[in-house]
Amino acid sequence: MHFVSGVSGRFFGALGDAQINILAISQGCSERNISAVVRQSESTRALRALHAAFRLSHTTVRLAIVGMNDVGQSLLRLLEVQRPVLRKTFQVDLQVCVVAKDATDTDILFLKSDDGKEDGESITMSTVKSLAAPPVESSIQFEGNSSSKTIESSKIKDLKTLMDLLVRGDHAYHMIFDCTNDASASEFHPSWLNAGIHIVTANNTGLSGSFELRDAIAEAEQRFGKRSAQYLREVTVGGGLPIVGTLRQLLNSGDKIRRVDGIFSVAMSYILFRISPPKSSNNEFDQELAKGAFQGDIELPTEKASLCKPCTFSQAVQEATALGLTETNLQHDLSNEYTVRALMVLAKELGLDSKLSLSEIQSKSDVLSTELTEAADARLAKRVEEARQRGCVLRHVGSVDVSRQTIDLKLIEIPENHTFATAPPGCAVVRFFTSRYQPYPLVITGPAAGADCTSSALLAEALGLMNTKIGPKDGKLARTESSAYMV
């Protein structure tokens, strides 16, 4: 355009992102206007995409949430609270149009119609209370205001109808949050991607499923080249911790990764810390150093229990369950299924998953015990005591070794001053051994569980994607006496 570069690129790029086919192009000789002919059926979607690209209106993203577990409920709260803030800061309107309680034999809520308004109706927690489990405790405060007159519910056997309820031809962007850990939900991921729906998933069963499913997801990610729908998987490993993103940044910047290892399961992190705690803790020092920002240790659900004193395996598992650190199906943690799936996601990022299966890796892993019995308690207590006499503690450590092309998950003795030994209970610890980070590995550690932490990571993934589509608008940083946040 006249004296301004990039206008035509933004114009046609926005239409391309919205999957609009251009039939004709015209530009005036003054270079002050540009026109395009599109199909009438696509005209509304084209207009919305262009208005958003040039910041003439908000970009509306139609959302679906699968899974009303603690993460799904927290995400729904977060979207309600942040919706007005994101319209102002990012000029993105995240409209929750479909909510499925689970992946199979479940209830589904959906908007009856979309009036096209910028501040259109959106499903909130108040509309799902009658269908979802009792709301989980959350630090995210909200006020439900959706009208039941605009929302319908029905029973479904699976998620086949979800895509039809979500997709509208006059909207450019559609997105599904998979908050489950259900293999039946991940079976639909390829078809959603092929339909141009972006997926933000905490469900790692797709990337660690059958060879056919993994190939189907990979193919769908590349089907339309740069215009393909995105499969955002950061939360599939380490919950709210930036594990997958860090690995990709290292590879994209030219670093060479030799090995990734760590404690990936927060449930096993807690259980092993409780049955085999280190001799000392740094909590008193951290409380003094952080000047009140560090609030102290996790509160134990068992009366008169202490993190410094070991407990039985059965008690540790019961405490981890009470604290919400385990999977919905406890056997996914005890049988190592969850951790092995996380390792397979990392192996895929490193190109090592083509010949590896879940069952093969799981069968070779060290299982503490799949049953809570006195025999299991006694056997593990004996191993803990043997390790203590050697100045060590027991920890469940998984690894992906590129040079050996192996995936291992072992119960090993760790020196008491090692990073794995001193990591707080319920925290994940991941180390990256690379060519550039020498002589010590890059370490990422923190509480990877928690509904609010995980839902925040899911939302951050979605915003990162939309940032590449329209770019952020400058927001204002607000401060209280103790924290800072964006408004």
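In what order do the five strands of the antiparallel open sheet stand? The order is E12-E11-E10-E13-E14. The model is a predicted one. Its chain holds 17 helices and 16 strands. Of the 487 residues, 50% count as buried. Among contacts with a separation of 6 or more, 70% join residues 24 or more positions apart.

- Strand E11 (residues 392-401) pairs with E12 over 10 bridges, in the antiparallel sense.
- Within that pair, Val 393 has Ile 414 in E12 as its bridge partner.

**Helices on the five-stranded sheet**

- Helix H9 (residues 266-275) packs on the sheet. H9 touches strand E10 (257-263), E11, E12 and strand E13 (428-434). The direction of H9 makes about 155° with that of E11.
- Helix H15 (residues 374-389) lies across E11 and E12. H15 runs at about 95° to E11.

**The seven-stranded sheet**

- Another open sheet has seven strands, in the order E6-E5-E4-E3-E7-E8-E9. Its pairing is mixed.
- The edge strands are E6 (151-156) and E9 (231-232), and each pairs on one side only.
- Strand E3 (residues 59-66) and strand E7 (residues 173-178) run parallel and are joined by six bridges.
- Leu 63 stands opposite Met 175 in E7.
- Helix H3 (residues 70-89) lies across E3, strand E4 (92-100) and E7. The angle between H3 and E4 is about 155°.

**The second largest pocket**

- The volume of the second largest pocket is about 370 Å³.
- The lining has 17 residues; the closest to the pocket centre are Gln 230, Tyr 231, Leu 232, Arg 248 and Glu 461.
- Two or more lining residues come from each of E9, helix H8 (243-252) and helix H17 (451-470).
- H17 gives the largest share of the lining, four residues.
- By class, the lining divides into five nonpolar, seven polar and five charged residues.

Notes:
Residues numbered from 1 in each chain as written. Predicted model: local features only at pLDDT ≥ 70, side-chain atom pairs only at ≥ 80, totals over all residues. Heavy atoms only, no water. Pairing = 2+ DSSP bridges. Contact = heavy atoms within 4.5 Å. Axes fitted to C-alpha atoms, helices over the stretch in contact; angles between N-to-C directions. 1 Å grid on protein atoms, 1.4 Å probe; cavity = no way out; pocket = protein on both sides within 12 Å on 5 of 7 lines; lining within 4 Å. Points joined across faces, edges and corners; volume = space filled by probe spheres on them. Nonpolar A, V, L, I, M, F, W, Y, C, P; charged D, E, K, R; others polar. Buried < 20%, exposed > 50% of the residue type's maximum accessible area, 1.4 Å probe, protein only.
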